[in-house]
Amino acid sequence: MQRCVPHALLLAAGASLALSAPYAAHAQTHRQFSPQTLRGEFQLVQTPDVLLNGQPARLSPGTRVYGPNNLLQQPASLAGQKLTVHYTVAPDGQVLDVWVLNPVELANKTWPRTPLEAASWAFESGTQTWLKR
């Protein structure tokens, strides 16, 4: 029986490494964003009120906020910080999803900030880049 204990420990350690590896690698690469995703400056004033590009906005009841490592964060944990984010807006105008950008994503400077820009630019989903027409 004692021969099984070290094997079980090795198996548990391997599973732990396998589960954590995607998160470490994911933080260094681009996440996949849709063409409806816009870039902006985000500041949480008091949940659900935010400033988006300096303008008042509201978080929808189902808003999801993803940190730079793509893990969910509580919106209140960002209170008072000015962050560059990608975000989507629900049909009623409320902020639906927010992604705090990691350094790799911040390096991709060309990203639309308004729906008008997104409509006039071309989006390449494979490379997650925008081309101004």
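In which strand does S60 lie? S60 lies in strand β3. The structure is a predicted model. Strand β3 covers residues 55–66, and the points below describe its pairings with β2, β6 and β4, then return to S60.

**Pairing with β2**
- Strand β2, residues 49–52, runs antiparallel to β3, and 4 bridges join the two.
- Across this pairing, V50 is opposite A57 in β3.
- A hairpin is formed by β2 and β3, with 2 residues between them.
- N53, in the turn of that hairpin, has a positive phi of about 55 degrees.

**Pairing with β4**
- Strand β4, residues 72–73, pairs with β3 in the antiparallel sense through 2 bridges.
- Y66 has L72 of β4 opposite it.
- The hairpin of β3 and β4 has 5 residues between the strands, and N70 takes a positive phi near 70 degrees there.

**Pairing with β6**
- Strand β6, residues 95–100, pairs with β3 in the parallel sense, over 4 bridges.
- D97 in β6 is the bridge partner of R64.

**Surroundings of S60**
- S60 counts as buried because its relative accessibility is 10%, and buried means under 20%.
- Leaving aside residues up to four places away in sequence, S60 touches Q94, V95 and L96.
- S60 and Q94 are 34 residues apart in sequence, while their C-alpha atoms are 5.2 Å apart in space.

Terms used. Residues numbered from 1 in each chain as written. Predicted model: local features only at pLDDT ≥ 70, side-chain atom pairs only at ≥ 80, totals over all residues. Heavy atoms only, no water. Pairing = 2+ DSSP bridges. Buried < 20%, exposed > 50% of the residue type's maximum accessible area, 1.4 Å probe, protein only. Contact = heavy atoms within 4.5 Å.
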